[in-house]
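Biologist: I would like to learn how to read a few backbone features. Please go through them one at a time.

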Amino acid sequence: MALDTGVPSSVQKQAEALEYDISVFELFSIGIGPSSSHTVGPMRASNRFIAELIDTNLLSRITKVHIDLYGSLAATGAGHGTMSAALKGLCGHVPETICLTEADAMIERNSVDGTLPLAGYPSSMYGATAPCGEEGKVYGPVLNYRELDITLRPLTVLPRHTNGIKIAAFEGEKMLLERTYFSIGGGFIVEGDEPATGGASLEHPPYPFGSGAELLDMANETGMSIAQLKMKNECSLRSEAEVRQGILHIYKVMKECIGSSLSRVGYLPGPLKVRCRAGAWHRDLMTEDPNKSPEYAIDWVNLIALAVNEENAFGGRVVTAPTNGASGIIPAVLHYAMNYTPGIRHCGRGKREDAVIDFFLAAAAIGVLYKKRASISGAEVGCQGEVGSASSMAAAGLAQVLGGTNEQIENAAEIAMEHNLGLTCDPVGGLVQIPCIERNAMAASNAVTAARMALRGDGAHRVSLDQVIETMRQTGMDMSHRYKETSMGGLAVNVVEC
């Protein structure tokens, strides 16, 4: 039976008309920190601009490039590395494959002599290896351009989205190309009036859904779980083996991110002097809890969330889940599922891999709803759109692998978001550190609680997931811009930076 969504029919029809699906590999994409919207998105935008210059044979004519950053990108860009990310994109780097050492060396040279090699540089230049290095790669001119030449317009918000970036290329004083992009959260970018279906790589899925009610109806009518239905949609583009392999690779990168973080010591980058805690916590827990005792479960959840977000704060390689700012929640809850639930912990490797895959698929199905019906951008709807959606996705994933019914999975997702409504995005100093890192741990614990509460019920509940998503969207629209990733309100103005 379909749930009454409580959503205005015009909104519901609009959502139902979006007959596409967003791939799990778009919601969970490999990139770098500290922000998917403010680092990954601008890098992708400037790289897309360079690709267009190459495709139109304009690259060799360029003598000048100018970048304007608007709204939240300008207001908190310094703390998020937005300017250097945009320059790295102009130099041919993309978040998925960027070599951080090479890219940082390029930025260091740029700060010294102003050299900016569009689309990269031949290996013979500067005695370095080319960023991409493919045979036959197109290289552009080397300009004299620095981060300081980027114009910041924090008080100007373009009509479409607060995360706007405009890039223009010139030959002398003649403009050859100008494009406006919007970083709409999770690393997704759209250009100009392009439909906000970024990541709609599944254009003709067998089971398109625009609401939680539709998702439940289709899954129940076909006798599939939510994870199984999402797999069917993924297989409209890739084979099941490719989907499985891709998800397991994402899981591997998440674990590598945790391992990298645990080796770090000292302080996180920036003026706040936030001490790295994950490594010390890990050593303590390994001593206190060598056998994965249930009494330490939440301590491990907290640790994993902290570790991932500390690595993100360092600008390391992370997985959007669905954003960088919320990237610690899914790994933390998945760690709980794999180590503190007997049904998964003690099963064989194949079954454990099945659990990982089902967790990601169910979480992605819920993430699609937030992306379609509301937003996952802190700059658009506050942190409820990032941490809140991630907590909701994680709760659904956990309920799925613990054997929940489709209704219980939907209920878990709803409970988790219901108790993140109104959450503001107010990073101190524009850095993804305070309160972002600890907030991931709190949201991960919330997801575990939500899943366990849902599994104690029969799936029937008064508030539907569609209703809570619509409430989140409305709350975000009503929220003052000061609390939407501008660092103009909340903790950002009440905590002294140094």
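Biologist: How do S7 and strand S8 pair?

Modeller: Two strands pair if DSSP finds at least two bridges between them. Strands (E, at least two residues) and helices (H or I, at least four) are DSSP runs, numbered from the N terminus. S7 and S8 (residues 188–191) pair in the antiparallel sense over four bridges, and Gly 185 has Phe 188 in S8 as its bridge partner. The hairpin leaves two residues between S7 and S8, and Gly 186 in the turn has a positive phi of about 70°. This is a predicted model, where local features need pLDDT of at least 70, side-chain atom pairs count only at pLDDT 80 or more, and totals for chains, interfaces and linings use all residues. Residues are numbered from 1 along each chain as its sequence is written, and side-chain values use heavy atoms, with hydrogens and water left out.

Biologist: What is the phi of Asn 57, and is Asn 57 buried or exposed?

Modeller: Most residues other than glycine have a negative phi, and most peptide bonds are trans. Phi of Asn 57 is positive, near 60°. Asn 57 is exposed because its relative accessible area is 63%, where exposed means over 50%, buried under 20% and partly exposed in between (1.4 Å probe, protein chains only). Ser 487 also has a positive phi, about 60°, but counts as buried at 17% relative accessibility.

Biologist: Which peptide bond involving Pro 322 is cis?

Modeller: The bond from Ala 321 to Pro 322 is cis, with omega near 0°. Pro 322 sits in the loop between strand S9 (317–319) and helix H13 (329–340).
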